[in-house]
Amino acid sequence: MRHMAGNISRITVAFGLLLTLAQQPAEAYYGVTDLSYTGLDGEGGGDTLSGFAATYRQPWDTVSNRWYDYGCECYIYFESSMGVVLNLYRPDGSHFGQAGQFDMFDASFGFSGLPANPAGDWVMYSDHNVVGRTYDPGGYYCGGYLPCELIESYWWSTNDQVRTRRCGDQRDDIIAQYPARQVPWTPQCEDFTNGVPVQSYYTWEDWRSHEYPWEWAILRDYMVANNTCIIDNTSPYFPNTFSSGYRTPNKNAGTSGAAGNSRHMHGDAADIYEYSQEGWDYLRYVAKDSGACGFACVEPRSMTPVWFHHDYRGGCPAAW
Amino acid sequence: MCNMRNCVARIGALLLFMFLSSPAQGQELSQVTSLPWQDRARLVRSVAARLASTTPVAADEGMKSDILSLLAFENALVRSLFVQGVGTSGRYGEGYSEYYSSLLEVAGVVFPQVKGPSRQAWLRELATSPHNPGSKFSDWLVSHGDEVVDILIAATTTAELDHERSNAFSDLTALVTSTSTNPVRARSIPVALSAANRIRAIATLQEGLSRLDRTSREIVWALRRDPSDEVALMLQTFAASNRGRSGFTSYRIGGSQPPLSEEVDRAIAHVRAAVAARPQ
């Protein structure tokens, strides 16, 4: 059993400390670099855990003339949460496995049997609110023991996710939400923007659905441009009130009944409030039929009497 | 047609059928009897996959009947939540809309296997189902020509909700324009409509146009969608006979759209341009 230091507001755990905590022979632990954790004592806000995770490859065992098959492991550590369920996802977003721990204090558990070369973005996601919660998790790490060989260092951070450092900023954390929420698509760094990409009557805050603390969002320029065109064509007749733009997977999951693969997470959808039948009809005509503002997929009014959903996914559902 | 209460029993039977014929999902039976829409969606996707498989499943009479019942149940649910001002998306999210669309696709696969008088019951339910004018589903519905014309004409006056009646006008317009001579837009599915039925359909459209309200506008938009010489003439005749009438040329107080005359003029220009650009 290895565990992290206690519940303190700022912890810096050096590689050496982890080595001494490990049950395995210290010399077998490989690849750990500085690990630091900034917590807020369960008062909410952003816990930050940074240090390492790893991509491994298994070396060739020259004695037995085979690949080592001990596998590598990822572990989660937490300090005083009242129960944790940890899910591990493969780089393609598929679910690798789940582990749960419902005891409290200093528990640890993990996954073994990772493939020989688990390169890519393995994502761990924990819901530490499953049973209850007293404090944020203490930390996570992916570790391995020889013969697992570290070939790439990771950065990992935030409350609930572990992922590779790819974009080097908040985008990593948003991207990690996609496989964790089982969205069948994972964006790349370049899919994001930190401002409205083209002219719009709506603010950056509107477009990112006022979701803090994220400073990034996926906003397809053609969607924003078509939205602006729709407003240009309809605003002489009625006011348009913005309802929803980009949603992160976590935001989407908190939106009542939202589709698991909502286009709002793809950055090519927007909603406009419109209560009147006439106004709604005209929005539909301009967005879908007129050809002046692209050819949107529009959710039928029967389903959305108080707002107008339009997206640009390409092939629309048959009735849209 | 069925109301929400008596549909539940039929849907239970449908779901049981689906489970029994899909052993891999039998273990989830207990979840389904409670009928949350997500379970219905999962099962409809499962049925869709089986119907589309390399060895497609032929729907027996019970299955056909149960799918129709499920469609009627969902339509009643959609209407009920619309009238409450919530909508299925407000209550269940946009995922419901996508589920509903997949249900329509399943209905579209099963319907050709439906024989006899029950085809009319299917088409009545489908004609008033939630869909957008000009959608793929609308095209499919219209492709039934003579078989659906009476249902659409009736729905323009008897459909329960305003937008359902409006959709019926749009679909009826598409039925007429799809049988125009030499249309610009080629249709993948040929439409058979007798001369007598076409005359009746046009008469209904003329009545709708004469209202000079949102119904007229929907018909104009639908005409614009399918350019042809006949459509250009219809629009020009409509414009000529109404020019100067207040409901045609002026903004309606409290209205949310430009004057109808502007829409008609734009539609005429669009149709003329499309006809002129048509390969000879």
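Across the interface of chain A and chain B, 5 salt bridges are found. The model is a predicted one. The elements that give two or more residues to the side of chain A that touches chain B are helix H6 (277–289) and strand E18 (307–311) of chain A. H6(A) gives the most to that side, with 10 residues. By class, the side of chain A that touches chain B holds 18 nonpolar, 11 polar and 10 charged residues.

The interface was also described by contacts and by area. In total, 39 residues of chain A are in contact with 44 residues of chain B. The size of an interface is often given as the accessible area lost when the parts come together. Here, the area buried between chain A and chain B is about 3,400 Å². Carbon and sulfur atoms give 50% of this area. In chain A, the residues that lose the most area to chain B are Tyr237(A), Glu278(A) and Met303(A). Together they account for 21% of what that side buries.

Polar links also cross the interface. There are 22 residue pairs in polar contact between chain A and chain B, with both residues at pLDDT 80 or more. A salt bridge joins Arg247(A) to Glu94(B). The closest N and O atoms of this pair are 3.7 Å apart.

Salt bridges were then counted in the whole structure. Arg313(A) is partly exposed, with a relative accessible area of 21%. Asp311(A) has a relative accessible area of 0%, so this residue is buried.

In chain B, the side chains of Glu164(B) and Arg79(B) meet in a salt bridge of 2.7 Å, N to O. Glu164(B) lies in helix H10 (residues 162–177) of chain B, and Arg79(B) lies in helix H4 (residues 61–83) of chain B. The pair therefore ties together parts that are 85 residues apart in sequence. Both Glu164(B) and Arg79(B) are buried.

Arg278(B) forms a salt bridge with Asp229(B), and the closest N and O atoms are 3.1 Å apart. This pair also links distant parts of the chain, 49 residues apart. Arg278(B) is in the segment after helix H15 (260–277) of chain B, while Asp229(B) is in helix H13 (residues 229–242) of chain B. The relative accessibility of Arg278(B) is 11%, so Arg278(B) counts as buried. Asp229(B) is partly exposed, with a relative accessible area of 43%.

Some salt bridges share partners. They join Asp281(A), Arg284(A), Asp162(B), Arg165(B), Arg214(B) and Glu218(B) into one network. Glu218(B) lies in helix H12 (residues 214–225) of chain B. Its relative accessibility is 1%, so Glu218(B) counts as buried. The side chain of Glu218(B) makes a polar contact with the side chain of Ser170(B) at 3.4 Å. Leaving aside neighbours within four places in sequence, Glu218(B) is in contact with Asp281(A) and Arg284(A) in chain A, and with Pro133(B), Ser166(B) and Ser170(B) in chain B.

Aromatic rings were examined next. The count comes to 19 aromatic pairs over all chains. The ring centres of Trp37(B) and Tyr96(B) are 5.7 Å apart. Their planes are at 75 degrees, so the pair is edge-to-face. Trp37(B) lies in helix H3 (residues 37–51) of chain B, and Tyr96(B) in helix H6 (residues 94–110) of chain B. The pair links distant parts of the chain, 59 residues apart. Trp37(B) counts as buried at 11% relative accessibility. Tyr96(B) is buried too, with a relative accessible area of 0%.

Phe111(B) and Trp140(B) make an edge-to-face pair, because their planes are at 80 degrees, with ring centres 5.9 Å apart. Phe111(B) lies in the loop between H6 and helix H7 (118–127) of chain B, and Trp140(B) in helix H8 (residues 136–142) of chain B, so the pair ties together parts that are 29 residues apart in sequence. Phe111(B) counts as buried at 0% relative accessibility. Trp140(B) counts as buried at 17%.

Key:
Residues are numbered from 1 along each chain as its sequence is written. Chains are lettered from A and ligands numbered from 1 in the order in which they are written. This is a predicted model: local features need pLDDT of at least 70, side-chain atom pairs count only at pLDDT 80 or more; totals for chains, interfaces and linings use all residues. Side-chain values use heavy atoms; hydrogens and water are left out. Contact means heavy atoms within 4.5 Å. Buried area is the accessible area (1.4 Å probe) that two parts lose on being put together, summed over both. A salt bridge is a side-chain nitrogen of Lys or Arg within 4 Å of a carboxyl oxygen of Asp or Glu. A polar contact is a pair of N or O atoms within 3.5 Å; within protein, one must be able to donate a hydrogen and the other to accept it, and residues adjacent in sequence count only if both atoms are side-chain atoms. Helices (H or I, at least four residues) and strands (E, at least two) are DSSP runs, numbered from the N terminus. Ala, Val, Leu, Ile, Met, Phe, Trp, Tyr, Cys and Pro count as nonpolar, Asp, Glu, Lys and Arg as charged, and the others, Gly among them, as polar. Buried means under 20% relative accessible area, exposed over 50%, partly exposed in between (1.4 Å probe, protein chains only). Rings of Phe, Tyr and Trp (its six-membered ring) pair if their centres lie within 6.5 Å; planes under 30 degrees apart count as stacked, over 60 as edge-to-face and the rest as tilted.
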